[in-house]
Amino acid sequence: MAWSAGCAAVDTPPAASLQQAMETNHKAAMGIFKRVNEEMLPSRIEQGIAGAAFSSDDLSLLAPADVAAWDDILSGLDAYCAALGDLTSGKNSAAFTTASESFGIKIQSLVRTVKGSSASGVAKARTAVAELGGVLIKYKASREAQTIAKAADPSFQAAVGSLIDTFGFAGRPPMPAPHGLLATCEVNFRTMNAEKSDRRFKGDAIAGFDAMTPAERRVAIKDFIAWLGVAEDHKALVQSMTALAAALDKAAAAHTAFAQGSAGPIDEAFAELRAEIQTTVQICQKLQKG
Amino acid sequence: MATIDDLEDLQDGISTSIQTLLRAYDQCADPVESAALLLQTKQLAAQMSQIETSLFHQQAVQASPMVDRAFASAEGYTSQLKDMAGNLDRVSDIIATGAKLVDGVTQIVGWLGL
């Protein structure tokens with residue numbers, strides 16, 4: 001998966017900015033789910049040792065079916081934002097009646113494929129995104145983006161809110177919750193690496209270095225470098241999750257402002273959204289490199 | 001009755017207990033006690049991730065007097081470990097309580113999704 005530079009010019013129309021933001025958030029979310037499962041693997045192995053049996057279901061914190069379900073749901077949100085973008089671009093305005101229905105059917109078709117996941121957040125988001133498709137079909141003749149956005153806003157908020165909740169954030173602006181995906185990752189990292197962070201490499205220095213032989217020092221330095229890399233990767237993951245929660249919240253706020261249609265709040269909300277896109281793209285590029 | 005909220009509260013209690021165990025580990029000079037503390041933190045972190053997977057699927061635990069007692073016991077141990085954060089010299093007490101918490105949560109995790 002590759003992230004484009006994603007330069008959102010200041011004069012990008014609001015609907016196009018929203019579309020770009022949600023596509024970026026979609027890529028970021030998928031990358032983060034993958035990294036969370038990778039980082040949690042040591043913990044799953046530890047738990048597996050304590051159990052009586054071990055299968056592929058025990059390998060990941062988030063089941064592949066749940067991750068695939070979120071992929072489809074986010075594709076539905078992308079399609080909805082693309083419909084708003086088409087409508088406000090003027091290029092396809094005359095054909096919007098057909099395009100809107102087509103987008104609506106596509107969205108509903110996408111979420112109907114979400115069958116493998118029983119996750120509560122997925123179920124709420126799936127319902128909300130199916131409603132977005134319904135709004136596009138219902139309002140296909142209106143050709144008024146704001147009318148559509150207004151009708152769709154509760155569903156948009158519900159779908160995006162479910163994703164923010166899934167990542168382990170609560171409130172507006174989203175703050176880390178004491179439990180959930182982020183909290184679990186933090187505890188996992190801290191405990192699985194306590195021997196390194198609290199003993200061998202406490203205070204970012206190699207303990208007992210002066211008493212080591214040259215061969216021991218060589219090994220210790222290599223381990224230390226590896227540890228710094230692991231710690232940096234974890235920091236990047238936490239930053240990515242925090243940035244994504246903020247970006248999703250800004251997208252939700254921008255959608256509401258767009259639906260309400262007042263120039264001042266729209267300008268303000270979309271300026272924040274465009275700034276957030278850049279942050280998300282940069283952090284996700286860093287995460288991808290890690 | 002064990003609800004989703006109960007499981008989230010249990011996660012919060014485990015998280016706080018892990019902090020106490022890690023602080024004790026940080027100060028502990030005895031290798032055997034250090035190893036025991038480290039093992040307990042890893043076991044509890046792994047159990048917390050198992051609970052997170054269940055929460056992701058909204059899997060709670062069937063209510064029963066036994067389940068209620070297990071949650072009450074676990075809550076008691078997490079509360080004790082929280083209090084022990086103020087006196088980290090009592091390493092043997094911390095390890096003993098940590099072991100009881102690990103056993104209690106093992107029982108609860110075994111019931112998840114049944």
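Where in chain A is Asp204(A) found? The legends below, which describe a predicted model, begin with that residue and then move on to other views.

**View 1. Asp204(A) and its backbone angle.** Asp204(A) is found in the loop of chain A that lies between α7 (194-200) and α8 (214-260). Its phi is near 55°, which is a positive value in a residue other than glycine. For comparison, most residues other than glycine have a negative phi, and most peptide bonds are trans.

View 2. Arg172(A) and Pro173(A) are joined by a cis peptide bond, for which omega is about -5°.

**View 3. Confidence along chain A.** The average pLDDT of chain A is 82, and 83% of the residues score at least 70. Among the elements of this chain, helix α3 (residues 96-112) of chain A has the lowest mean pLDDT, at 63, whereas strand β2 (residues 175-176) of chain A has the highest, at 94. Over residues 1-10 of chain A the pLDDT stays under 50, and for this stretch the model has 18 contacts beyond four places in sequence.

**View 4. Chain B as a whole.** The secondary structure of chain B consists of four helices and zero strands, and reading along its sequence gives the pattern α-α-α-α. Taken along the principal axes, the box filled by the C-alpha atoms of chain B is roughly 40 × 20 × 20 Å. A compact globule with 114 residues would have a radius of gyration near 13 Å, and the 14 Å of chain B agrees with this.

**View 5. Helices α1(B) and α3(B) inside chain B.** α1(B) packs with helix α3 (residues 65-84) of chain B at an angle of about 30°, and their axes are 8 Å apart. Because angles under 35 degrees count as roughly parallel, α1(B) is described as roughly parallel to α3(B). The crossing in which α1(B) passes α3(B) is left-handed. Among the residues that meet here are Leu10(B), Gly13(B), Ile14(B) and Ser17(B) in α1(B), and Phe71(B), Ala74(B), Thr78(B) and Leu81(B) in α3(B). Sorted by class, the contact of α1(B) with α3(B) has six nonpolar, five polar and three charged residues.

**View 6. The contact of chain A with chain B.** In this view, 25 residues from chain A and 24 residues from chain B take part in the contact. On the side of chain B that touches chain A, the elements giving two or more residues are α1 (4-27) and α2 (31-56) of chain B, and α2(B) gives the most, with 13 residues. By class, this side of chain B has eight nonpolar, 11 polar and five charged residues.

View 7. Helix α6 (residues 181-192) of chain A packs with α2(B) at an angle of about 160°, with their axes 9 Å apart. Since angles over 145 degrees count as roughly antiparallel, α6(A) and α2(B) are therefore roughly antiparallel to each other, and their crossing is left-handed. The residues that meet include Leu181(A), Thr184(A), Val187(A) and Asn188(A) in α6(A), together with Thr41(B), Ala45(B), Met48(B) and Ser49(B) in α2(B). The contact of α6(A) with α2(B) divides into five nonpolar, five polar and two charged residues.

Conventions. Residues are numbered from 1 along each chain as its sequence is written. Chains are lettered from A and ligands numbered from 1 in the order in which they are written. This is a predicted model: local features need pLDDT of at least 70, side-chain atom pairs count only at pLDDT 80 or more; totals for chains, interfaces and linings use all residues. Two residues are in contact if their C-beta atoms, placed from the backbone, lie within 7 Å. Ala, Val, Leu, Ile, Met, Phe, Trp, Tyr, Cys and Pro count as nonpolar, Asp, Glu, Lys and Arg as charged, and the others, Gly among them, as polar. Axes are lines fitted to C-alpha atoms, for helices over the stretch in contact, and angles run from 0 to 180 degrees between N-to-C directions. Angles under 35 degrees count as roughly parallel, over 145 as roughly antiparallel, 65 to 115 as roughly perpendicular and the rest as oblique. A crossing is left-handed if the near helix is turned anticlockwise from the far one by less than a right angle, and right-handed if clockwise. pLDDT is the predictor's confidence in each residue, from 0 to 100. The radius of gyration is taken over C-alpha atoms; the globule rule is 2.2 Å times the number of residues to the power 0.38.
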